[in-house]
Amino acid sequence: GKTTTIRMLATLIPPDAGTACVLGHDVRTEGDAVRAQVSLTGQLASVDEELTGRENLILLGRLLGLPRAGARTRADELLEAFGIRDASGRLVKHYSGGMRRRLDIAASIVVTPRLMFLDEPTTGLDPRSRGQVWEICRALVAGGTTILLCTQYLEEADQLADGIAVIDHGRVIAEGTPAQLKASVGSGQLHVRLLDVGRRPDAAGVLERAVGTVVLEADPAALSVSCSDADRAATGVAELSRAGIGIAEFSLGQPSLDEVFLALTGHTADEAPTLEEQSS
């Protein structure tokens, strides 16, 4: 439901029912006023692959009403700011995925919008390119643009978002700041990673007795348990040591947003709902 919601708010598709206002304008009856103040960067790059990066930005500037000289100046400013000036004369079809994504975001702010919709902007990017997109988002927000970010990478939401709405099966099931959402499912988590993967069942039994209900993580050497008391966590770690179970690392902190999503919905963020769940 995330992309569908953004497409409705950006006036690309009409809502089936209900009402929605963007910057004070109804998306059904005042579409032109909404589109004049927003931009949308979708999951796939929308720039023309047969043009160079600079040509793409100049073309968009002219279409958005900038004079010829103004469009060129703005294109050069964005190419410099987004770190793609050296590739500005190359056809976009020869850009890497990270370069295309940066150019795509640059194209969305040729005329700076009041509100920017970003629909999963880092899907398929390597860690370095993801970090670059995160820095671009922070810079845009610092400059006064509001960003509505749609993502299934909950680490990304934790890093960037001031407020989060969790959508499951097309419905908002929780809202709040990252800290509020984490606090809603428990005040602390003890995370333990073992030296010997084969000892995880033994470690789970020890922690179950000493601390509480254990969750086996995707990493076969890792497990976690809800624990708000540092002394109790220390007791759990000490019991593992007494049992001769080697620990590679451990930490005590708030639950991650992935754990929050799992607690709220009963499945991970990227796990598709069953047909039975969809019909319920």
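Modeller: Contact here means heavy atoms within 4.5 Å. The model is a predicted one, in which local features need pLDDT of at least 70 and side-chain atom pairs count only at pLDDT 80 or more, while totals for chains, interfaces and linings use all residues. Residues are numbered from 1 along each chain as its sequence is written, and side-chain values use heavy atoms, with hydrogens and water left out.

Glutamate 156 is buried, its relative accessible area being 1% (buried is under 20%, exposed over 50% and partly exposed in between, with a 1.4 Å probe and protein chains only). Apart from neighbours within four places in sequence, glutamate 156 is in contact with Thr122, Arg130, Trp134, Leu149 and Thr151. Between the C-alpha atoms of glutamate 156 and glycine 131, which lie 25 residues apart along the chain, the separation is 9.5 Å.

In H11, which spans residues 257–265, the buried residues are Leu257, Val260, Phe261 and Thr265. These four lie on the same side of H11 because they cover an arc of only 105 degrees around the axis, taken from the directions from the helix axis to the C-beta atoms. Just after H11, glycine 266 adopts a positive phi of about 85 degrees.

Key. Helix = DSSP H or I, 4+ residues; strand = E, 2+ residues; numbered from the N terminus.
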